[in-house]
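Student: Could we go through this model together, slowly? I would like to start with pockets, and I need the terms explained first.

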Amino acid sequence: MTNDLKWALSSDQQIPYHDPRAIDLWFKVLKSWKPDVVDYLGDTDDQACYSRFTEGRPQEFLVAHKADQAETILPLMQADASGAREFYAQTRKMLPKAQLFSALGNHDIRVFDYTEKKLPDIMDQVTPEALWSLDSLGYEYIYYNDVPKRRFGDIHVHHGVAISQNAGESVRKDVENFGVSIIRGHSHRAGSFFRTYELRNEGRGETVRGWEIGHMADEKSDGMAYTNSHNWQKGFAIAHIENGTTPHIQFVEISADYTCYVDGRRFSA
């Protein structure tokens, strides 16, 4: 008798610059498919107000809140993180027994870098728990600067480091740089990469694999206007983990009319 698990993975919601229909579709899939494991692969929270790109502008956190008292700063940070916190909480509410994991992305950790630089007195209070309730909700997580986390079989996860303008190239670079099979986000593109080393494992061979799994952001939002050429693809990934150890991974495209197919069933939003 097998002990197969179902695994769902998503990346780059970029809240509050997310695509509401894509998020609605995602939760419809979770509700029906009922995965045993859910991984979020970074940039769930865009954190634009802490970005170097908004420094000195009205959107920067301390510019927008320069008149506020020191004791209100952390609650204001928590308020800015409320959208991502609710997203994480909705996942837990929908899947109370699931294993949940988050690989924080370069946007998610903007707040920590910003606090260290400009608000060092409260640095120890600004944590994934304080902002998103990750510990209370039962998420395991890694930071962007951590190495990829091994999850099932030979598959590792991370937000992603390398960036290329061509789908599949970013994950190829990360597979080659880290030397492991990996699922990642970061590029907002969908692609895969496979390479077989015939002489590894005493001649039995080894294939390393990689997937970049698209995004769920709203390309037309103000937060995504840093480029006028969105060579991006909406989607997510699913896997059946055979006997709890061998993942069989698929990319699920979200079509222009917000439909997708998971295990032969059509979903729409």
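Tutor: On a 1 Å grid over the protein atoms alone, a pocket is an open set of points with protein on both sides within 12 Å along at least five of seven lines, and its lining residues have an atom within 4 Å of a point. Grid points are joined across faces, edges and corners, and a volume is the space filled by probe spheres set on the points. This is a predicted model, in which local features need pLDDT of at least 70 and side-chain atom pairs count only at pLDDT 80 or more, while totals for chains, interfaces and linings use all residues. Residues are numbered from 1 along each chain as its sequence is written, and side-chain values use heavy atoms, with hydrogens and water left out.

Student: OK, how much space lies in the largest pocket?

Tutor: The largest pocket holds about 1200 Å³ of space. It is lined by 43 residues, and those closest to its centre are Ser51, Phe53, His107, Arg110 and Tyr226.

Student: Which helix gives the most to that lining?

Tutor: That is helix α5, residues 110-118, which contributes five residues; helices here are DSSP runs of H or I with at least four residues, strands are runs of E with at least two, and both are numbered from the N terminus.

Student: And what is the lining like by class?

Tutor: There are 13 nonpolar, 15 polar and 15 charged residues in the lining, where Ala, Val, Leu, Ile, Met, Phe, Trp, Tyr, Cys and Pro count as nonpolar, Asp, Glu, Lys and Arg as charged, and the others, Gly among them, as polar.

Student: New topic: is Ser102 buried or exposed?

Tutor: Ser102, which sits in strand β3 (residues 99-103), counts as buried because its relative accessibility is 1%. Buried means under 20% relative accessible area, exposed over 50%, and partly exposed in between, with a 1.4 Å probe and protein chains only.

Student: What does Ser102 touch?

Tutor: Leaving aside residues up to four places away in sequence, Ser102 touches Tyr40, Tyr88, Tyr139, Glu140, Tyr141 and Ile142, a contact being heavy atoms within 4.5 Å.

Student: And Gly203, where is that found?

Tutor: Gly203 is in the loop between β8 and β9, and at 49% relative accessibility it counts as partly exposed.

Student: Last one: in what order do the five strands of the open sheet come?

Tutor: The order is β5-β6-β7-β9-β8, with mixed pairing, and two strands pair if DSSP finds at least two bridges between them. Strands β7 (residues 181-184) and β9 (residues 206-213) run parallel and are joined by three bridges; Arg184 has Glu212 in β9 as its bridge partner.

Technical notes: 1 Å grid on protein atoms, 1.4 Å probe; cavity = no way out; pocket = protein on both sides within 12 Å on 5 of 7 lines; lining within 4 Å.
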